[in-house]
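Subject: Structure handover and notes

Hi,

Please look it over first, then read the notes below.

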Amino acid sequence: MPVFPRREVSSEAGVPPSEAAAPVRMLRVRRWVRLGRVVVWGALIAGPAALVIMAASSETAPIIHKTPVPQQVRSADPSGFAELFVTLWLRSDSRSEESAGERRLRAMAPGVDLPEPREGAQPGVDRVVAVRSAPLSHGAWSVTVAAQTGEQVRYFAVPVVASGDSGSGAFVVVAAPARLAGPSAARAPESTYRVPVPEGSELASTASEFLTAYLTGAGETDRYLAPGARLAPVDGPRYERVEVEQVSADDAAVKGPVPKNGTVARIQVQVRAVDAEASWPLAYSLRMSARDGRWEVASVDAGPESAGNTRARGAGVVVSAVPGMGRSSLAAGGAW
């Protein structure tokens, strides 16, 4: 709908069309000029009012200040620092001349008293290990350290404070260690492998032959592995022989014949590996997979659960490639 109603203008006879349309054009121009004046005056009137509204809203609008959140920096664990301190502290003598070790000890624990060994005693320690570290408040830590001397084991609680909040690992011992009782042994959880696997069964035979080949090097282990599984050989000297003592499973279904393809069984094999030094009791958790009427090894773990699994192709099961599973890490009662 047009802004202004259109008025019909009749042309007289004998008047040319261009001359008859001239008054109409002039009328339209005048009306647009009037409209422009109305718009300009409206803007001028609304300008001060809008300015007042904006000023009033700026006075009442709340001002939000963003408070920066302080970044929490976690200090490094002082277990190694406490181990070194206890080692130097047990070997020190407050009456001896200052040595490099005692200067280091003074720097780690300024103001802390040193022991006074009895006449003829030889202070020393064979091994120091931190068994527990507990963070307290304001950068303070309590580190429990076990010190072994011969057959004797003593436990000390070392009060340590982090130097600053930079998390750079700078610590200081603020007081002498406190002699404590050793940590109590936790109750072992019930084993999930409660079903004995019959000796001479396909499952027990495969596990026994595989571990014998794996630990002694007498034979290829690939023939026992599931497709896609890879297992690095044991590094270091091999064992002379392996005796399987017990095979247990977590499911009674493994007692029967080999099931259909893809069936997985979890077993634990306890063996005794013999070398020139000793007879070592070892335990392996194997994940077995059934294929074509036989059992294959799908994973080798150092305990009930695997800590670093990778998924293999083909078998569709989790496969652990565990390099260096030798006496140093798995021998119960062996030397670390």
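Which residues in α2 meet which residues in α3? From α2 they are Phe-81, Leu-84, Phe-85, Leu-88 and Trp-89; from α3 they are Gly-101, Arg-104, Leu-105 and Met-108. Contact here means heavy atoms within 4.5 Å. The residues of this contact divide into seven nonpolar, one polar and one charged. The classes are: Ala, Val, Leu, Ile, Met, Phe, Trp, Tyr, Cys and Pro nonpolar; Asp, Glu, Lys and Arg charged; the others, Gly among them, polar.

Before going on, the ground rules. This is a predicted model, in which local features need pLDDT of at least 70 and side-chain atom pairs count only at pLDDT 80 or more, while totals for chains, interfaces and linings use all residues. Residues are numbered from 1 along each chain as its sequence is written, and side-chain values use heavy atoms, with hydrogens and water left out.

**Overall**

The protein has five helices and twelve strands. Both are DSSP runs numbered from the N terminus: helices are H or I with at least four residues, strands are E with at least two. Of the 336 residues, 31% count as buried. Buried means under 20% relative accessible area, exposed over 50%, and partly exposed in between (1.4 Å probe, protein chains only). Among contacts with a separation of 6 or more, 52% come from residues 24 or more positions apart.

**The helix pair**

Two packed helices are described by the angle between their axes and the distance between the axes. Helix α2 covers residues 79-91 and helix α3 covers residues 100-108. They pack at an angle of about 130°, with axes 10 Å apart. Axes are lines fitted to C-alpha atoms, for helices over the stretch in contact; angles run from 0 to 180 degrees between N-to-C directions. α2 and α3 are therefore oblique to each other. The cut-offs: under 35 degrees is roughly parallel, over 145 roughly antiparallel, 65 to 115 roughly perpendicular, and the rest oblique.

**Aromatic pairs**

The count comes to four aromatic pairs. Rings of Phe, Tyr and Trp (its six-membered ring) pair if their centres lie within 6.5 Å; planes under 30 degrees apart are stacked, over 60 edge-to-face, and the rest tilted.

One of the pairs is Trp-89 with Phe-156: edge-to-face, 6.0 Å centre to centre, 70° between the planes. This pair links distant parts of the chain. Trp-89 is in helix α2, Phe-156 is in strand β3 (residues 152-162), and they are 67 residues apart. Trp-89 counts as buried at 13% relative accessibility. Phe-156 counts as buried at 7%.

Phe-210 and Tyr-224 also pair edge-to-face, at 6.4 Å centre to centre and 70° between the planes. Phe-210 lies in helix α4 (residues 202-216) and Tyr-224 in the loop between α4 and β7 (241-249), so the pair ties together parts 14 residues apart in sequence. Phe-210 is buried at 0% relative accessibility, and Tyr-224 is buried at 11%. Phe-210, Tyr-214 and Tyr-224 form one aromatic cluster.

**Backbone points to check**

Most residues other than glycine have a negative phi. Which way does the phi of His-138 go, positive or negative? Positive, at about 60°. His-138 lies in the loop between β1 (127-135) and β2 (140-149), and is exposed at 77% relative accessible area. Asp-292 also has a positive phi, near 55°. Asp-292 lies in the loop between β9 (279-291) and β10 (294-301), and is exposed at 52%.

Best wishes
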